[in-house]
Each structure stands twice: as structure tokens, then as C-alpha cells.
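Visitor: I'd like to learn how to read the features of a protein model. Could you walk me through one?

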Amino acid sequence: MNANTMKNQLARQIMWNRLIAVVEEGAQVLLKTAFGAITREGGDLSAGVYDPRGRMLEQAVTGTPGHVNTMAVAVTHFLERYPIAAMQSGDVYITNDPWMGTGHLFDFVVVTPAFHRNRLVGFFAATCHVIDIGGRGFTAEARSVYEEGLMVPHLPLFTAGKPNEQLFAIIAANVRDPLQVRGDLLSLCASNEAGVKRLTGMMHEFGIDSIDPLGEYIIETSRQGMIDAIAKLPHGRYTSSMPLDGYDEPVQLELAVTIDASGLTVDYAGSSPTARFGINSPKCYTDAYTVFGVKCAIAPDVPNNAGSLDVVKVMAPEDTIVNPPRPAPVTARHVIGQMLPEAVFGALAQPMQGRVPAEGAGSIWVMPLVSGHETSLMDAKHRASATRFSAMSVAVGGVGGRPGKDGLSSVAFPSGVGSIPVEITEAACPLLFTRRELRANSAGAGEYRGGLAPTVEIINQEPVPFTISAGTFDRRANPARGRNGGAEGALGAARLASGEVFSGKSVYTIPAGERLVLDLPGGAGYGDPLRRDPARVAEEVADGLLSVAKARHDYGVVVDATGQLDPAQTQALRRARAGGAAV
């Protein structure tokens, strides 16, 4: 490599790194200015920069795969409707079309063209989850997308810097919290504006009039990196299946990963048909989490952009739960979509033996908490005096055990969404979180155990009922499965403290004075539990994370309630287990 080639490559790499910082600053603006707690506290957002052809060049470090990877193709839908020649500085476009955005109505995609020296040089896009979009609210009970809320087609939100107040008015008239929703939309605009400002500053600093050469370098380098990673895997067809709870009936995910000279394809043929209720995952969302699962397993270090994403092909038969037709209901689409990386791991574990983790909780449990004014349990007297509220929190289960490491406890994989601090929710409504703690015995046993899941307990401080939608609560009938001899994670449960158990994904009413209790599902274990270090088992008993009985039953470890280990009895018990003797 000669000196000029090395110099040019170094310059491109420096600009690439700078572009990452540009996009991340936009994401940070969204985090700092967003009105909704799910965005500013949970990080349920994404931001990205695109070339003039609408190809994603770089994503922010902050953000979820469902948002980032759906947004990777969402910008091209705007370009199909609005010609570049007609765009001008100060224009902003918007949509929340589930099939051309991020999979459900609650996420708005906002796109802003970037101009440098009066020439369009690229686009910035951002998305986040708004607190309300009208309709039935955040529930899986709708039978069509028309019941789920307001759908905004691809429209101008600003034209030459002037807001489309008619559109803002339509949105405000159809949502339950218009101030918060408008605030989030303006935050998305501010995120893109910050990106445009930093990009033009970067171009001025480096003395370039176009990012096209840099974009080609980024895309081709990333594409080749993904191709090289796939080429290291043995060719073949590897299948996997995953049973899920479903809504009114169980769901079956079926997939086949084919690796050959042409690359890697994931095919969902045989999966359950489109559901009657809102748990369907639109193809864009299915693509997003499928490719994310593949990348996590085989190429985690390859940058995520149009180049690397295009290498993996996803096939999903029409009219299935992973490719529903319009106008299927889709509000709780992540209860399916966020399970797809785990299903992909099941197939890739075959050619990648010893390098793929066990299953985890998968889908986060979104907790839409609403005052009970519309329920039959609130009388007229209390209806007039009780606080009206609509709040959203998040509960997160355990991640599966990993080769060489335990699973992470109460961590959202694959979404990466953070739990909203209880103080934030309590400040917005009269609900009180009386308990939020790691749940003993929730981790699947293994040489490397699964991640622990929390128990969450909530009560209304006012003497009135409240409601919660269980639309995203899964793994209450189908636990996370272990790998290489590891045990299943604990099942999840939603119940009243007095004993009643909620079995489905409906909206449930919590009577006045009652406590809602959510036991999140745990991550499964990896490897033979009898190979786990007895001292680590004893530590978890001492910490109250594992019972004495489970330590003996699952790990063959004899320990007392204080965590005092009995090495001799443990050795004898494990020898007997290894020899197949009954103990």
C-alpha cells in the first residue's frame, strides 16, 4: 500500500468516526428534549444519517434495533413520494405507517434533508415511541389497525421551516396527551436539525462538498465485512422452532437459515398465520430483528448500515404472524419481533457450536398503566375526584446464559430498552411501586446460569381501580430454553397479590386497594449445571437469589440458608448424580 492510498484510507476512517459522533449528538438531543419517559429514560429511539439515495450510512449508538433497522429502509419510502428536486432547506417529513416505518402506530419516523452550500447532501432520520396515538391505546385487543389509533401517511411536517399546523392539529385532536405527543415530534425534529448542523460543519472542516465517496467506502467496507463473516460458517440448512404464548391461541415460529455461496437467508415458512389480535409483526420489523440476531451471532463488530444489512436476506410468507397484510392489528408487534433473534440463535447454534447463548426472556413487558375511569368498578363519586392518568413503564426479564458467562439480570435483549425509574412513573400518576427486586430462583440453572428476572408490585394510592394491558406479556406458558444442557428459565406471571392470576394478553383491572404483581420470566442456563462452581452457587444462596432446595436439586450443591457450603456432601451428591444414582 503506497503512501497516498494509506493517507486516503486514514482520512476516510477519520471522517467515518466523525460521522458516528454527528449522529450520536442528534440522538442525545432527542434523549435530552423528549417529553415521553419511554424515550428520555428508556432510550426507546433511534437516529441515523443517510446518503442522497436514502441508504443508511451510520446509526447512533443510542437506540433499539427495531427502530434503527426498520428506519434503515424507511427513508426510501419518503423518496418515492417526494422528489429530491422539490426539497428545500427547512423541510421535514413524517409518518407512522407501521408497514413503512417501525411496525406500529406509536412510533413516528421524522426525516430531514440536509443541505450544504445549497445542495442536498443527505438525510437525517429519527424515531421514538409516543405516549399515545388514540384508538384503543397500547393494547393488543384491536382487530384491525384502524382501531389502534391515528395513522399519518408520508406528509410534510415542516415546509421551508414553516410548521404544518393543520397536521399538528389533527394529531392533537386524536391523542389523549396532545402536549406530550407534540413535544416528542418537535424533539425528533430537533434531533435531525442537530445532525444537519454538525454534518455541514464537518463537511466545511474537511473541505468536502459531498459525502458520497465516504458513503460508498462505508457501505462497501461493511458489506464485505459481513460477507467475510458469513463465509467462515459451514454451508448448510439449519432449522429452528419456537413456541410462544400467543393471544387467543399459541404461536409457533418456524425458521430455516440457509448458508451457501450466495450468502445467508432466513426463511420463516411454516410460522403461524396472521393473528386476529394485535401481536403481528410487520415485515419491516421482522427484517429488523432477524438481521440483528444474525449480526449479533456472527458479525457483532461489523458496523450496522445499509451495506451490512443488505447481505442477509429475510423471507416471510405473506399472511403470517411475521408478515401480516394490511389492515392487521400490530400494536404489540414486539412480543413476536423481539423473540426472533432468539429463534435465529436456535438455528445458528448448529453451525456455531459453543458460541451461541441460551434463550432469554426476549420481549420486554411494556406496562401501560391507565386510570380506571372507564371501568365498571369505579362509581360516579370516585370518577369525578380520581386522578386521570395514562403512564407507561417497562419491566425487563433475564438474558440467557452465555458461553463462558452468566446471563445478564433484568436486561432487555434484544431491544436494549432501559427500565424507567419508578420515581419517574410515580411522579406522573398516583401509582406506587411497593416492590421491584430480583426474583429468587428465576434464573435457569447451568454451568453459566441465566439472568435473573425481577418481581414488580404496584398499588394505586387513591382508593380507585387502575388498568394494565398485558399485550406484551409472554413466556408465561413457554419458558426460555437452555442450551448445551442448561435448564429452562422461570416462567413469568401476572397476578393480584390476593391470588388471582391473569392468563391472557387482555386489559386487566386492578381493584381499589389491590396490588398488581408481575413476575418477569428468567433467562435459561448454558451448559451442565453440575459443572458450575459450588462456591458461586453458595454465594447466590447467601444473597437470597437461590433457595437451598434449588441449589441441591439443580446444581447438586449442599449448602445451608446462610450460604455455608458443605464440600464433602456436595462432592458425594455430584458423583452420585454423574453416575445416575437416585439421591
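Visitor: Let's start with helices: at what angle do helix α3 and helix α8 pack, and how far apart are their axes?

Guide: Two packed helices are described by the angle between their axes and the distance between the axes. Here helix α3 (residues 65-81) and helix α8 (residues 283-298) pack at about 115 degrees, and their axes are 8 Å apart. That makes α3 roughly perpendicular to α8. On that scale, angles under 35 degrees count as roughly parallel, over 145 as roughly antiparallel, 65 to 115 as roughly perpendicular and the rest as oblique. The axes are lines fitted to C-alpha atoms, for helices over the stretch in contact, with angles from 0 to 180 degrees between N-to-C directions. Before we go on, this is a predicted model, where local features need pLDDT of at least 70 and side-chain atom pairs count only at pLDDT 80 or more, while totals for chains, interfaces and linings use all residues. Residues are numbered from 1 along each chain as its sequence is written, and side-chain values use heavy atoms, with hydrogens and water left out.

Visitor: Which residues make the contact of α3 with α8?

Guide: From α3 you get P65, G66, N69 and T70, and from α8 C284, Y285, A288, Y289 and F292. Contact means heavy atoms within 4.5 Å. By class there are six nonpolar residues, three polar and no charged. The classes go like this: Ala, Val, Leu, Ile, Met, Phe, Trp, Tyr, Cys and Pro are nonpolar, Asp, Glu, Lys and Arg are charged, and the others, Gly among them, are polar.

Visitor: Is the crossing of α3 and α8 left-handed or right-handed?

Guide: α3 passes α8 in a right-handed crossing. A crossing is left-handed if the near helix is turned anticlockwise from the far one by less than a right angle, and right-handed if clockwise.

Visitor: What does α7 do with α8?

Guide: α7 and α8 pack at about 70 degrees, with axes 10 Å apart. That makes α7 roughly perpendicular to α8, and the crossing is left-handed. M226, A229 and I230 of α7 meet V294, K295 and I298 of α8. Five of these contact residues are nonpolar, none is polar and one is charged.

Visitor: At what angle do α5 and α6 pack?

Guide: Helix α5 (residues 165-174) and helix α6 (residues 178-206) pack at about 135 degrees, their axes 9 Å apart. That makes α5 oblique to α6. The contact involves E165, F168, I171 and A172 of α5, together with P178, V181, R182, L185 and L186 of α6.

Visitor: On to sheets. What is the strand order in the open sheet of four strands?

Guide: Strands of a sheet pair through backbone hydrogen bonds, either parallel or antiparallel. Two strands count as paired if DSSP finds at least two bridges between them. In this sheet the order is β8-β9-β10-β11, with mixed pairing. β8 (236-244) and β11 (312-315) stand at the edges with a single partner strand each, so one side of each is left without a neighbour in the sheet. The twist averages 15 degrees from one strand to the next. β10 (residues 263-267) and β11 pair in the parallel sense over four bridges, and L264 has V312 in β11 as its bridge partner.

Visitor: What is the order in the open sheet of five strands?

Guide: That one reads β14-β15-β20-β17-β18, with antiparallel pairing. Seven bridges join β14 to β15 (residues 454-460), and R435 has E457 in β15 as its bridge partner.

Visitor: How many aromatic pairs are there?

Guide: The count comes to 12. Rings of Phe, Tyr and Trp (its six-membered ring) pair if their centres lie within 6.5 Å; planes under 30 degrees apart count as stacked, over 60 as edge-to-face and the rest as tilted. W16 and Y217 form an edge-to-face pair, 5.8 Å centre to centre with 85 degrees between the planes.

How values were computed: Helices (H or I, at least four residues) and strands (E, at least two) are DSSP runs, numbered from the N terminus.
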